[in-house]
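Hi everyone, thanks for coming.

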Amino acid sequence: FILFTRINCKQQMESLRDYAKKLIAKNHNNEQQRQVCIYLAGGGSTAVSTLAATPCASSFLLEGRTTYDRHSYLNACEIPDKDTRGKGFSYGGKEAATILSRAALKQALKLTSMDDDLRRMPLTIGIGCASVLVSGE
């Protein structure tokens with residue numbers, strides 16, 4: 001699932017807080033609680049910090065990571081520089097988001113596998129988002 005959208009900055013924070021509250025409340029009241037790792041490339045770090053600042057987030061958010069630098073991205077995704085350098089790879093594109101989501105899911109599964117009964121593993125989610133901030137509008 002890939003979403004491309006433009007967000008008005010003034011509306012963004014209020015709707016982000018409201019969405020985080022609804023998301024966590026829905027998950028908290030669910031018998032089968034999901035847990036998530038979110039990996040971002042580029043802008044969007046406010047999404048993770050807003051989610052983390054929401055009451056009961058610790059029952060939902062396993063890890064949030066913002067990879068703002070190329071080497072940070074490569075490290076998070078565990079891929080060598082040679083796989084992207086000089087190949088027209090866009091750190092704000094669909095391929096980057098797909099790679100990030102796989103890395104986030106891998107980390108979520110790793111973290112939930114540390115639980116003794118392993119029951120949470122099927123309920124884990126990895127989200128990857130690659131974004132580009134547009135300025136001057």
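In what order do the elements of the chain run from the N terminus on? They go α-β-α-β-α-α-β, which gives us 4 helices and 3 strands. Please keep in mind that this is a predicted model.

A few overall figures to begin with. The chain has 137 residues, and 31% of them are buried. Its accessible surface comes to about 9100 Å², with 54% belonging to carbon and sulfur atoms. If you take the contacts with a separation of 6 or more, 68% of them are between residues 24 or more positions apart.

Now let's turn to strand β1, residues 35–41. Why do I call β1 largely enclosed by the rest of the structure? Because 7 of its 7 residues are buried. In a regular strand, side chains alternate between the two faces of the sheet. For β1, both faces are covered: on one side Gln35, Cys37, Tyr39 and Ala41 are buried, and on the other so are Val36, Ile38 and Leu40.

What about the partners of β1? Strand β3, residues 124–130, runs parallel to β1 and is joined to it by 7 bridges. Strand β2, residues 61–67, is also parallel to β1, with 6 bridges between them.

Next, the packing. The largest nonpolar core has 16 residues, and those touching the most other members are Tyr39, Tyr73, Cys77 and Leu100. Two or more residues of this core come from each of β1, α3 (70–77) and α4 (94–112). Which element gives the most to this core? That is α4, with 7 residues. Apart from this core lies another, of 10 residues, including Ile24, Val36, Ile38 and Ala57.

Notes. Residues numbered from 1 in each chain as written. Predicted model: local features only at pLDDT ≥ 70, side-chain atom pairs only at ≥ 80, totals over all residues. Heavy atoms only, no water. Buried < 20%, exposed > 50% of the residue type's maximum accessible area, 1.4 Å probe, protein only. Pairing = 2+ DSSP bridges. Core = buried A, V, L, I, M, F, W, Y, C linked by side-chain atoms within 4.5 Å. Contact = heavy atoms within 4.5 Å. Areas by Shrake-Rupley, 256 points an atom, 1.4 Å probe, with all protein chains shown as cover.
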